[in-house]
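Visitor: Please show me the structure, and then let us go through it by question and answer.

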Amino acid sequence: MLTKINKHYIFLNPKYSNTHFPNSVVTERGAVPAAACCAKCLDWRVAARIVTYWRARWAIDSFAPYKSSGMDGIFPALLQEGREVLIPYLVKIFRACLATGYVPAIWRQVKVVFIQKPGRNSYGRTKDFRPISLTLFLLKTMERLVDRFLRDEILATKPLHPNQHAYQAVRSVETALPQLVVRVEKALFQQEIALGISLDTEWVFNNTSYDSMCAALAKHRVDYTIIRSIRATLEGRRATATLGGFSRSVLVSRGCQQRGVLSPLPWCLVVDELLTRLNGGGIYTQGYTDDICLLAVGKFPNAVSGLIQWALYTVEMWSDKLGLLVNPNKTGLVAFTRRRKLPRFFEPCLFGMTIHCSM
């Protein structure tokens, strides 16, 4: 176990902070001021649809009362106790932020806390820790309103791919695994071979670019007003870790907050394109957060392996386009068959590295 000092050293040292916040720049100043746009009538109408008195009340009450606060020290119980006085003012502020695409710089100041990833033998590397971003609950409340609107209005008409099982109501690992098992059992019953491969997309919340998230929102016909406001919450963020009176801050230039209210949905929209493309090409594909599972079925091993190879090429092009990394060392290939001895077949490659098969 690392001490608290060693734990935070991985962020306080500029050499290591770039791992969790790629392309970040060490700064002593606050978050970068955002430029407000001239709001049009359409922008105000969209903002009024998202932010209402009762929705704001619901958003404030949806938080656990004593969750960890952000840089301002305000936790949900304070907002909940003063809701009758605060909500009328908050409605006006939230609507103005959404309509103008402006988020106050202080709202984009993030307190970073590192937690240890479970199941590690040691904690001496930066990748052994996960940075949790504690943002202000005023920003979280506005993000929750936007998230609810997107799920109720946008995804109701243009839903995510049905094989995306993360961050959605009534979907979880418990819905993903049975669907996968059924397809494997069907292949075995029909005397076919099923090749399954699991992919791990590394650091998706840290590395996904703002442009790719905004493009994914636009493809789902999200109003430009909402896209502009989401980008405003991400750009110019200042992430700060403090230890013993000493602190270091970086300006974040990619990704979204770990454990952020609105963070999961943009990623689901980004990976939705890949799930749609692969499933349309004859590869059964499931997504769960940053994990992707591929399954190809057929009579002949080389034909099935060829399908998997096409899928991996597709994943390579997609990840290169978005600047993401799929780790070949964490990629596993498994063959499901009733044959006692599987004929030899070519093993697929990912980024030039052969993925060896196990049965």
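Visitor: Does C256 count as buried or exposed, and at what relative accessibility?

Guide: This is a predicted model, in which local features need pLDDT of at least 70, side-chain atom pairs count only at pLDDT 80 or more, and totals for chains, interfaces and linings use all residues. Residues are numbered from 1 along each chain as its sequence is written, and side-chain values use heavy atoms, with hydrogens and water left out. Buried means under 20% relative accessible area, exposed over 50% and partly exposed in between, with a 1.4 Å probe and protein chains only. C256 therefore counts as buried, at a relative accessibility of 7%.

Visitor: Why does C214 count as buried?

Guide: The cut-off for the buried class is the one already given, under 20%. C214 falls in that class because its relative accessibility is 11%.

Visitor: How many disulfides does the rule give?

Guide: A disulfide is taken as a pair of cysteine sulfur atoms within 2.5 Å. By this rule the count of disulfides is zero.

Visitor: How far apart in space are P104 and A232?

Guide: P104 lies in the loop between α6 (83-100) and β2 (109-116), and P104 is buried because its relative accessibility is 19%. In sequence P104 and A232 are 128 residues apart, whereas in space their C-alpha to C-alpha distance is 9.2 Å.

Definitions and conventions:
Helix = DSSP H or I, 4+ residues; strand = E, 2+ residues; numbered from the N terminus.
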